Amino acid sequence: MHLCALTLASLPADIHTPVYDRRRHAPGVVHLGLGAFHRAHQAMVFDQLLADGDTRWGIHGVGMTRPDLVNHLRAQDGLYAVRVADGQGVKWQVPGALWRTSVATTERHDVLQAIAAPSTRWVTLTVTEKGYTPALAQLLLDGLRLRQQADLPGITIASCDNLQGNGHKLQALLKAQISTHDITAQDAGMLRWLDAHCAFPCSMVDRIVPAATPEVLAAASQALGLRDDAALSTEGFWEWVIEDRLADPLDAALLQSAGVRVTPDVHSYEEAKLRMLNGSHTAMALMGAVTGRPFIASCIGEPHIRSFVHRLMGQEVAPHLSRSDWADYRDALITRFGNPYLKHSVHQIATDSSQKIPQRWPPSVLGQIAQGASFEHHALAAAVFVRYTLGVDEPGQAYALNDPQATNLMTMGAAQRTAPAACVRAVLAREDLWGSALPHNAAWIARVTHWHQHVLQHGVDHAVQQLVEA
Ligand code: CS2
């Protein structure tokens with residue numbers, strides 16, 4: 001038997017389940033990007049608000065492309081179990097906030113109707129770095145235009161992807177989409193309506209939620225006594241910091257009551273998270289992929305990699321952060337990375353590296369350069385990225401690059417066997433990865449080339465060891 005509305009009552013008593021009515025009200029939130037992250041993070045915040053009696057936080061979840069997850073969730077009435085596990089303990093919970101689901105590619109009309117529904121007050125997004133395309137903008141605009149035409153109130157549209165200034169980026173993308181052609185009077189009206197009635201707050205979201213594995217699904221059926229094809233595993237820690245710029249200002253106090261931080265200054269949280277957590281993640285993921293270590297926990301469990309990550313954050317990232325409690329943040333991150341319950345695949349995190357590196361590494365390198373300080377850890381990480389594009393790990397196992405730039409990167413990367421320095425120069429010349437300044441910085445190119453040679457000759461572990469013992 002499956003987990004679903006009918007079987008919910010049969011769950012063991014220690015599993016936290018929704019006690020509110022999930023059918024009587026229309027959803028108030030449309031979420032685009034129904035991946036693991038949203039379901040174990042924001043959906044659990046909204047679950048809390050629903051449990052507190054506010055019926056406006058049910059979710060219409062939209063899978064952007066693949067129907068398989070949506071099909072599983074539909075068969076389970078939007079229910080799924082989340083294992084929350086770390087050094088503090090293990091518990092299972094079934095959040096109940098997901099009320100409806102659609103797939104954007106095949107059910108576009110339903111998504112537009114959901115955005116335009118009178119009950120909708122928020123649209124939240126986790127569509128990944130590469131998801132910010134004109135097609136996304138058009139989807140949102142088509143839905144929002146229906147709202148405007150029906151004279152409905154504006155809404156809060158909250159980008160929650162790992163991009164600096166994500167709210168500004170999303171707003172700019174929508175406006176650019178309206179302005180791609182000669183602006184009609186109707187377009188001008190839409191631009192005014194967006195400015196006057198919709199809010200695009202920036203937000204930083206944090207919780208480590210790996211893609212589910214067969215082991216997690218097996219643990220779920222053990223714990224629930226029911227099959228759950230949409231179960232997830234996460235850590236106890238979660239953080240959501242959102243800019244105090246909401247279409248309905250009264251939402252601020254509500255979100256705060258559920259543990260969300262609502263503040264005028266999201267920037268300092270964003271930059272610390274992107275460069276410390278995500279920056280370390282990408283470095284470890286690439287190291288793990290090249291050395292053949294499968295999980296983040298297997299990487300941070302190695303003393304030399306742990307020391308590398310500690311120093312990367314403390315010496316090269318922290319000096320450029322506005323968040324003053326960075327040392328506590330760093331130490332907490334190292335513990336979180338080591339969480340043995342999270343089998344967080346290095347290849348999952350290495351996915352889309354070309355889209356992730358720009359937010360995660362160059363700001364710290366540029367900060368160090370401006371201060372005449374060392375950027376050796378980032379240079380080694382960049383060298384490992386070049387090595388990663390070979391598509392075969394040090395023990396000899398081939399792997400695929402899962403990246404919109406995969407073909408380009410692998411073509412460039414293949415040259416490192418015969419012309420390593422030229423290959424490094426070609427990869428570092430790409431402004432889409434490194435920004436406009438680094439590709440012209442001779443010292444940066446020299447140090448990445450140095451570490452790349454070292455990695456090719458002696459391996460990643462040897463290079464990391466040498467750097468942390470220096
Ligand atoms: C990770 C993030 O896959 C990745 O790129 O770095 O998903 C990370 O786990 C989350 O941002 C944590 O909040």
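Predicted model: local features only at pLDDT ≥ 70, side-chain atom pairs only at ≥ 80, totals over all residues.

Visitor: Which elements give two or more residues to the shell around the ligand?

Guide: Those are strand 8 (203–206), helix 10 (267–291) and helix 15 (353–360). Helix 10 gives the most, with three residues.

Visitor: And what is the shell made of, by class?

Guide: Two nonpolar, four polar and five charged residues. Residues in the shell include V205, R207, H281 and K356.

Visitor: Which domains does the shell draw at least three residues from?

Guide: Domain 1 (8–263) and domain 2 (267–469), with at least three from each.

Visitor: Back to close pairs. What about N162 and D206, how far are their side chains from a ligand oxygen?

Guide: For N162, an N or O atom of the side chain is 3.1 Å from an oxygen atom of the ligand. For D206, the value is 2.7 Å.

Visitor: Where does D206 lie, and is D206 buried or exposed?

Guide: D206 lies in strand 8. Its relative accessible area is 1%, which is under 20%, so D206 counts as buried.

Visitor: Which side chain in the protein does D206 make a polar contact with?

Guide: The side chain of R336, at 2.9 Å. D206 also touches residues including F37, H41, W238 and K273.

How values were computed. Residues numbered from 1 in each chain as written. Heavy atoms only, no water. Near = heavy atom within 4 Å. Polar contact = N/O pair within 3.5 Å; in protein donor to acceptor, adjacent residues only side chain to side chain. Helix = DSSP H or I, 4+ residues; strand = E, 2+ residues; numbered from the N terminus. Nonpolar A, V, L, I, M, F, W, Y, C, P; charged D, E, K, R; others polar. Domains from an automatic or database assignment. Buried < 20%, exposed > 50% of the residue type's maximum accessible area, 1.4 Å probe, protein only. Contact = heavy atoms within 4.5 Å. Lists of a residue's contacts leave out its neighbours within four places in sequence.
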